[in-house]
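Please read these notes with the model open beside you.

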Amino acid sequence: MVEPPVLHKPVSSDASYLKRFDTLERLFVAKYGRKPDFYSRAPGRVNIIGEHIDYMGYAVLPMAVQQDILIACCKNDLNMINIANIDDKTFPEFHVKVTEYSIEKGGPWHNYFLCGFRGIVEQLGLTSPVGMDVMMDGTVPMAAGLSSSSALVCCSGLATMYANGGHLSKIDIANVCAWCERYIGTEGGGMDSSISFLAEMGQAKLIEFEPKLNASTVPIPPGVNFVVANSLVEANKARGDSEYNKRVVQCRLAAQVIASVRGLSWQDKRRLCDIQTALSLSREQMLSVVDEVLHPEPYTREELTKILGVSDAELVEFSLKSKNESTLDMTSFKLHDRAAHVFSEAERVYSFQRICGEGAPNAAVHLGELMNASHRSCSELYECSCPELDDLTQICRDAGALGSRLTGAGWGGCCVSMVPSEKVNAFLSEVKERYYDARSLPVSEQSLFPTKAGSGAHIIRM
């Protein structure tokens, strides 16, 4: 069993990174009167390709970024969870007994810490978890599609496991952290937590979820860099009016309608990958099935109840329920386009992996074409982009990117661009001028930056 590693020094010797540990320790001592026992670290991620398909069971291709969540932690004997942040004005401190907490869906930041805490407590069967004094610092931009919330859940889960003397493999703790985000109302897949724990320095990963969680190294062609640009339109997949969980429901219904029309049992079908398996067809063949079975016009509730042979109440029970009540009152369902995106995007992921593995001289050009096709699909079929992201990705292509696409849940947040290494500086300058300056938007190292694949989550005990 390969557990998250315990290191004896920070993963980077960069002066600004080491300064964060000094600041965390100083503020921790000022708050709690003693030094932390250990630090927990979990990175954010950028998804290179494979958007909105992990929760349908399909593989994705992300890499961890160098931006991360750091938690300084010390056990206490008061049976209290004391949570503080170095930015206490934005993130007020929170205190609760280890057995008396509750998680508020869509609530303040500390709820994400509590998600990780609860997930580990339940997985390890802890009846009396230890008290924890916590001080947090984060450099993953919030609501930007780089998985800041999942990184916090993972960092919390790892800290909780270590503080309680637990032992879980990287894969097991990744699965726990993926599942426990549902406590806060997010019907996500397993990508964010998986790459946070399974990432390796300098490597992208193909992460597969069927038949079990598996991560394979994907060699990125030489001579290209990935650049992240934040549209500065905030994206929050867990907010009450989120479209995110509605997409999950639409994909679920697409799977159920296809199953019903093709004579399969549909009540137990939740994911499009399950339908593909049941029909023994390729992803490309499933695109033909989508065109044959699903009409492009939106479905109504009444139409779906007739197709599935259920009452409206049964439709809610079998299909519309999610961890967020915003899905219960849905009246319009674009099943064709959502399913078409999932199957075509899943095919692009494996095409990306294959091209990287072949190492052809023009590989980067073809990879860029796949990224551009991915963005078109996200924008037109899945409708998870926004005007600003569409503009930003086009500006990035005009500035020299071989490919540019939204990354993360969408509806704002970031795009990721593949840029020839020799053009990065000129690229940054042009994107700054044409997007940020033209809109009088602030630009910083957190909103426009080249990034390299970072390491996975770990404990640091100095």
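1. Helices (H or I, at least four residues) and strands (E, at least two) are DSSP runs, numbered from the N terminus. This is a predicted model: local features need pLDDT of at least 70, side-chain atom pairs count only at pLDDT 80 or more, and totals for chains, interfaces and linings use all residues. Residues are numbered from 1 along each chain as its sequence is written, and side-chain values use heavy atoms, with hydrogens and water left out.

2. Start with the second largest pocket. A pocket is found on a 1 Å grid over the protein atoms alone, as an open set of points where a 1.4 Å probe fits, with protein on both sides within 12 Å along at least five of seven lines; lining residues have an atom within 4 Å of a point. The volume of the second largest pocket is about 480 Å³. That volume is the space filled by probe spheres set on the points, which are joined across faces, edges and corners.

3. The lining has nine charged, seven nonpolar and five polar residues. Here Ala, Val, Leu, Ile, Met, Phe, Trp, Tyr, Cys and Pro count as nonpolar, Asp, Glu, Lys and Arg as charged, and the others, Gly among them, as polar.

4. Next, α4 (residues 170–180) against α2 (residues 110–124). Their axes come within 9 Å and cross at roughly 125°. Axes are lines fitted to C-alpha atoms, for helices over the stretch in contact, and angles run from 0 to 180 degrees between N-to-C directions. The two helices are therefore oblique to each other. Angles under 35 degrees count as roughly parallel, over 145 as roughly antiparallel, 65 to 115 as roughly perpendicular and the rest as oblique.

5. Which residues of α2 and α4 make this contact? From α2 come Cys115, Gly116, Gly119, Ile120 and Gln123, and from α4 Ile173, Val176 and Cys180. Contact means heavy atoms within 4.5 Å. Five of these residues are nonpolar, three polar and none charged.

6. Look at α6 and α11 (residues 335–358). The axes of α6 and α11 cross at roughly 95° and come within 9 Å. That makes α6 roughly perpendicular to α11. On the α6 side are Arg247, Gln250, Cys251, Leu253, Ala254 and Val257; on the α11 side are Leu335, Arg338, Ala339 and Val342. Seven are nonpolar, one is polar and two are charged.

7. Helix α11 also packs with α8 (residues 283–293), at about 170° with axes 9 Å apart. So α8 is roughly antiparallel to α11. Residues of α8 in the contact include Met286, Leu287 and Val290; among those of α11 are Phe343 and Tyr350. This contact has eight nonpolar, two polar and four charged residues.

8. Beyond neighbours within four places in sequence, Ser149 is in contact with Tyr112 and Glu181. Its C-alpha lies 9.4 Å from that of Asp192, 43 residues apart along the chain. Ser147, in the loop between β6 (131–138) and α3, has phi near 70°, a positive value in a residue other than glycine.

9. Finally, the peptide bond from Glu210 to Pro211 is cis, with omega near 0°. Pro211 is in the loop between β7 (204–208) and β8 (214–218).
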